[in-house]
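Here is the note on the model that you asked me to look through. Please read it with the structure open beside you, and take the points in order.

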Amino acid sequence: MKKKRVSFSKLYLVIVMLITYLPIAMVVVFSFNDSKLPVAWKGFTWKWYQELFHDAAMIEALKNSLILGFISCAMAAVIGTLGAIGMARVNYKSKGMIEYLSSIPIMVPEIILGMVFMAFFSLLNLPFGMVTLVIAHTAFSIPYVFMMVKARLVGIDKSLEEAARDLGASPSRIFWDITLPLILPAVASGCLLAFAMSFDDVVISIFVNGPRMSTLPIKVYTQMKTGVTPEINALCTIILIVVVLVLLVSSFFRRGKKEYK
Amino acid sequence: MKNKKNLWGLCVMPLYFFTLLFILGPMIYMVTVSFAKNNGGAYGFTWNFTLNNYTKIGDPIYLQCFIQSFKLAFATTILVVLIGYPFGYFMAKLSPKGKKIMMFLIMVPFWTSSLIRLYGWIIILQVKGVLNTALKTIGLIDKPLKILYSYPAVLIGMIYALLPFMILAVYSSVEKMDWSLVEASRDLGASPAAAFVTVTLKLTLPGLLTGVILTFVPSMGLFFIADILGGNKIVLVGSLIQDQLTRGSNWPFAAALAVILTILTSLMIYLYRRITHVKDLEGIF
Amino acid sequence: MMEQKKPVVLELKNITKNFGDTKVLRGIDLTVHEGEFVTLLGSSGCGKTTTLRIIAGLEYPNDGEVLLEGKPVKDLAPEKRNVNTVFQNYALFPHMNVYNNIAYGLKLKKVSKSETKERVTKMLSLVQLEGFEKRMPSEMSGGQRQRVAIARALINNPKVLLLDEPLGALDLQLRRQMQYELKKLQKKLGITFIYITHDQEEAINMSDVIVVMRDGKFEQAGSPTEIYDHPKTSYVASFVGSANILRGTVTSIKENTAILSGSCGTMACKTEQYEIKEGSSYTLAVRSENISVWREAKAEQYITGTITEKSFVGGMLRIVVTLEDRSEVVITRQGINFFYDIGEKVCLEWAAQDAVFVDMEGKQDEK
């Protein structure tokens, strides 16, 4: 009887996963379809991949998305990590309020963040474009890094820092030798998450991108409202392959280096 | 001693600066604008105090929009719970290797563009799409189903976009659970169902509620899903705000809508914290 | 007592420490000589860990002074004291391998690479972990981690090594083995060890000096024999070797032997250094293994009771006799044979030199 239940649960997992991957599979399949419309199979082609590499606007959008992701991630990593480390040690009255405020970007619906940024940036007369995008994306990336690092810091055994002190390390040495290496995995996973969010964000970007700047999701979104070219399928397939490779490589490395707690 | 304090103070400065300037600033500005008078035209409003923007929300058209948004968010959340909870639960019961594979399978779509995945659904659901072709081939239907650009399509899109969050939240709380407690309740005479309700469900409630928050709150603002999969038939608060900002050019009204939406979602998060005693939404990722 | 003591390496003078309103240490004085193995023994919450942390510099005392080799170090940061600690949970750096963990102290002192290598290798062979350089702490057993922690703390050649219940997390067998090895290591290196434990067996096996702590104060300090044979207080007597505590009034004193009468019979006890007064009441401690049991009394002084419990614990038979006043006396015997049954009435006796007067501090003042 028990065996039966196990197989039911596995069946359930498989079905849900199949449904999850069905649309992705569609996109991949139709990226090789020799037809502009994604309705019927007309034969295999590389054409859309070739067109994609010659589509300057699309390449530009991809480049913008990558730049935006990296810069906002790096800024969030610095601000969020330093903030989490500092917050654990200072005793300001405003601490709780700042922590709450900084988490707002992932607590409220994205559209609100988009609109307040749009309004506020035009109040400040900031030029809409990469600058405004970076600020907005940094804002919603900080909480991911901050929360991850904060949770990790709580988990670090206090006696490790004491042991380092006991062996003759100054407070700054303790930070470089002990604290930082131990929180680095948390910073990395916070950054990865933030990057994924940034790379995929439509709602906030659409409010602050300005007339000439286009990121990949915005480009896809406008196409979806007007008419999608199969190039996008091709691009998505490439991204998918890159993601799978990155995840595989990172999980391989993690297996090589045993997790420590 | 003092020097050290200053050093840590220096560490938090960027966070303070950024948060005050780019979070608190815009929020205050939004609230202020929501009380300003609209003049019509592009970005036109004057600093005359008025409550008109808020009373306008009472207008049946807009109220309807709020209600529709909430209904959709509720429906999405309930369905996501029904699909996601068993998934997270079953996943936590897999072998370590199975868990790793599942986690991998969940992470891949998470990293691929959500828009493109929605586009995959368009391919499936459209009139001449994969689903209709398949159903027709096996003879289940004569006429193609018109699912795309309808309420069910939007619902599918919403569930699809938000399900991973629920799965991860439930999974991490089931994973952390002490199974000996369930065994103990079975040992004390509880039926499997009773043990599930009294022990498992109770212990994983925080994870479930985290998932609910992570589903409900964003679903209020994911206007683009309704836009793409629903055509123009379903107008949500998100779409309304966007509309008022761009085409309608009524900033004060959009700000008022946003204030109300923020208050409603904050209220939910406040309730969530009261119930679970969790301070941040940490522990989910 | 007259033997030549080595120079004093560590002194604590009237240390007090409060955490908020809780008084954790209420005036601690301690003198430790070079090369001594000193154990702070006490139940949890008695302030032993706090004492250790104050010596290490991880805690700052509210009052008092810490002297290391005669120099006050109260205001010296832990990293500047020539004292190292083996932490309770080992506190090995999880992101460094064994080599880097042990070499960390030398790295901070900017010792050359070749010298570091030489000293780490020596340390590893000292703790019998040759070939483990590249292992991560997570890949090692509790006992191995323990050795790494000791090696890491010893590499700086500390004047004093502080050990906070280092064997607490190990299983019984491993603990016994590590006790022996630690003691051997300490003798070989000649470094002063200050050791914390709540296990009286551990304390007796390893220490030169045992300090019994209770409620933030020292109850008694002395060699294991002193503590075991001449406990000063009923707490020490019952905590170290679980002695029976009995009360009675002195009726006569003959040839340094006092005869006391209690509620369940009469008892004999050597007066030793104490001045015992007839007619006053006193507290006695008698070890469980020194009590003999008879159906009919053989000696003049004996107490009577009923056997209520027999159990076999740790290779010993443990017999509980309940006296008429409902208090219990515990008797232990080697082996499993015991000729009396539960419910039998028995007489308990002991030789006068096997009983000691305890809790005399207040009494001594009376005279």
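1. Read from one end of its sequence to the other, chain A follows the pattern α-α-α-α-α-α-α-α-α-α-α, and its tally is accordingly 11 helices and 0 strands. Helices (H or I, at least four residues) and strands (E, at least two) are here DSSP runs, numbered from the N terminus.

2. Before going further, please keep in mind that this is a predicted model, in which local features need pLDDT of at least 70 and side-chain atom pairs count only at pLDDT 80 or more, while totals for chains, interfaces and linings use all residues. Residues are numbered from 1 along each chain as its sequence is written, and chains are lettered from A and ligands numbered from 1 in the order in which they are written.

3. What are the overall dimensions of chain A? Its C-alpha trace spans about 70 × 65 × 35 Å along the principal axes. The radius of gyration of chain A, taken over C-alpha atoms, is 23 Å, whereas a compact globule of 261 residues would have a value near 18 Å; the globule rule is 2.2 Å times the number of residues to the power 0.38. Of the 261 residues, 48% count as buried, a word that applies if 20 or more other C-beta atoms, placed from the backbone, lie within 10 Å of a residue's own.

4. Contacts within chain A can be described by sequence separation, where two residues are in contact if their C-beta atoms, placed from the backbone, lie within 7 Å. Of the contacts in chain A with a separation of 6 or more, 77% are between residues 24 or more positions apart.

5. How many residues of chain A and chain B are in contact? The contact involves 68 residues of chain A and 70 residues of chain B. On the chain A side, the elements giving two or more residues include α1 (2-30), α3 (56-87), α6 (130-155) and α8 (171-200), and α1(A) gives the most, with 12 residues. By class this side has 57 nonpolar, 8 polar and 3 charged residues; Ala, Val, Leu, Ile, Met, Phe, Trp, Tyr, Cys and Pro count as nonpolar, Asp, Glu, Lys and Arg as charged, and the others, Gly among them, as polar.

6. Chain A also touches chain C, through a contact that takes 18 residues from chain A and 20 residues from chain C. On the chain A side, α7 (158-166) and α8 each supply at least two residues, and α7(A) gives the most, with 6 residues. This side has 8 nonpolar, 3 polar and 7 charged residues.

7. The largest nonpolar core has 256 residues, a core being a set of buried Ala, Val, Leu, Ile, Met, Phe, Trp, Tyr and Cys residues joined through C-beta atoms within 7 Å. M115(A), V145(A), A258(B) and L284(C) touch the most other members, and the largest share of the core, 17 residues, comes from helix α7 (residues 151-176) of chain B. Leaving aside residues up to four places away in sequence, V145(A) touches A76(A), A77(A), G80(A), T81(A), V187(A), G190(A), C191(A) and A194(A).

8. Chain C has 9 helices and 20 strands, and 39% of its 367 residues count as buried. It is divided into domain 1 (8-235) and domain 2 (236-366), with bounds that come from an automatic or database domain assignment. The C-alpha centres of these two domains lie 37 Å apart, and their contact takes 12 residues from domain 1 and 13 residues from domain 2.

9. In chain C, 4 strands form an open sheet in the order β2-β1-β4-β5, with antiparallel pairing; two strands pair if DSSP finds at least two bridges between them. The edge strands are β2 (22-33) and β5 (71-72), each of which pairs on one side only. Strand β1 (residues 8-19) is joined to β2(C) by 9 bridges, and E11(C) stands opposite T31(C) in β2(C).

10. Which strands pair with β16 (residues 303-313) of chain C? Strand β19 (residues 345-349) is joined to β16(C) by 4 bridges and runs antiparallel to it, with L348(C) as the bridge partner of I303(C). Strand β17 (residues 316-323) pairs with β16(C) in the antiparallel sense over 8 bridges, and G305(C) stands opposite L323(C). The hairpin of β16(C) and β17(C) has 2 residues between the strands, and there G314(C) takes a positive phi near 55°.

Terms used
A residue is buried if 20 or more other C-beta atoms lie within 10 Å of its own, exposed if 12 or fewer, and partly exposed in between; C-beta atoms are placed from the backbone.
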